[in-house]
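Thank you all for making the time. I would like to walk through one model with you, going from a few individual residues to the whole chain, so please keep the display open while I talk.

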Amino acid sequence: TGLGGYGAEEMHTQKANISPTYIRKKGAKASFDTLIAAIQELNKYNGITADIRQIEPAFEYMPLTKPPRRWQWAYWDSSTRTKRNVIIADICFGGCFFNLIEFETRDNENFTVSLISSGRRQLNTEDLHKILFRCSLAEGIWKKIHTNDLGIDIISLKHTWTDHLSFSEAVEKRLHV
């Protein structure tokens, strides 16, 4: 940096500090283990009950949107036709129901976790299957899903937390909104 002049006598340079003073921490990768631990942590907050939903055939995997032999986003590995796993958590806070949904991702993918608010109505298996099907159609992008007919709100949560504690804190903040 200089003193801001243009003349020959004003061309004094000074040393600049180029080392960053703030180092941004990397967020935790999408992980079912992190989500499960965050759900267990949420139960420690006052007024929140949270559980991992039992696996059912309707939402064990992301639903296929095309015939099984065709390439599609719902396959985690298309060559072996391995479907993407899904994990769903039920949360109750203040008489309102929420669901956290995370699906399996490849190493080169970045998707968000969805926090679904369904008000005073708990989503059933059919509702969750519809949501997952629409998510598969939108290739995992929650913001592209139309929810007008379902009576729900979808909040996307980026994986910015560093561990399960900060994940549970992020969810807890969203429940209060």
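Predicted model: local features only at pLDDT ≥ 70, side-chain atom pairs only at ≥ 80, totals over all residues.

If we set aside the neighbours within four places in sequence, the residues in contact with Ser114 are Asn99, Leu100, Ile101, Trp142, Ile154 and Ile155.

Is Ser118 buried or exposed? The computed relative accessible area is 6%, so Ser118 is buried. Leaving out, again, the neighbours within four places in sequence, Ser118 has contacts with Phe97, Leu123, Gly151 and Ile152.

Let me turn to the helices, and to one pair in particular. Helix H1, residues 32-42, packs with helix H3, residues 164-175, at an angle of about 60°, and the axes of the two are 8 Å apart. At that angle H1 and H3 are therefore oblique to each other, and the crossing in which H1 passes H3 is right-handed. Which residues bring the two helices together? On the H1 side they are Thr34, Leu35, Ala37, Ala38, Glu41 and Leu42, and these meet His164, Leu165, Phe167, Ser168, Val171 and Glu172 on the H3 side. Sorted by class, the contact of H1 with H3 holds 7 nonpolar, 3 polar and 2 charged residues.

Another residue of helix H1 is Ile36, which touches Ile52 and Ile87 when residues up to four places away in sequence are not counted. Ile52 is 16 residues from Ile36 along the chain, and their C-alpha atoms are separated by 7.2 Å. As for accessibility, Ile36 has a value of 31% and so counts as partly exposed.

Next, a point about the backbone. Most residues other than glycine have a negative phi. Against that background, I would draw your attention to Arg81, which is not a glycine and yet has a positive phi of about 55°. Arg81 is found in the loop between strand S2, residues 75-77, and strand S3, residues 82-83, and it is partly exposed, with a relative accessible area of 43%. Glu139, likewise not a glycine, also has a positive phi of about 55°. Its place is in the loop between H2 and strand S7, residues 153-157, and Glu139 is partly exposed at 42% relative accessible area.

The loop between S2 and S3 also holds Ser78, which is partly exposed, with a relative accessible area of 24%. Beyond the neighbours within four places in sequence, Ser78 is in contact with Trp71 and Gln72. Pro68 lies 10 residues from Ser78 along the chain, and the C-alpha atoms of this pair are separated by 9.9 Å.

Finally, let me step back to the protein as a whole. How many helices and strands does the protein have? There are 3 helices and 7 strands, and, read along the sequence, they follow the pattern α-β-β-β-β-β-β-α-β-α. Among the contacts with a separation of 6 or more, 61% are between residues 24 or more positions apart. The accessible surface comes to about 11,400 Å², and 51% of that area belongs to carbon and sulfur atoms.

That is what I wanted to show; I am happy to go back to any of these residues on the display.

How values were computed: Residues numbered from 1 in each chain as written. Heavy atoms only, no water. Buried < 20%, exposed > 50% of the residue type's maximum accessible area, 1.4 Å probe, protein only. Contact = heavy atoms within 4.5 Å. Axes fitted to C-alpha atoms, helices over the stretch in contact; angles between N-to-C directions. Helix = DSSP H or I, 4+ residues; strand = E, 2+ residues; numbered from the N terminus. Parallel < 35°, antiparallel > 145°, perpendicular 65-115°, else oblique. Left-handed = near helix turned anticlockwise from the far one by under 90°. Nonpolar A, V, L, I, M, F, W, Y, C, P; charged D, E, K, R; others polar. Areas by Shrake-Rupley, 256 points an atom, 1.4 Å probe, with all protein chains shown as cover.
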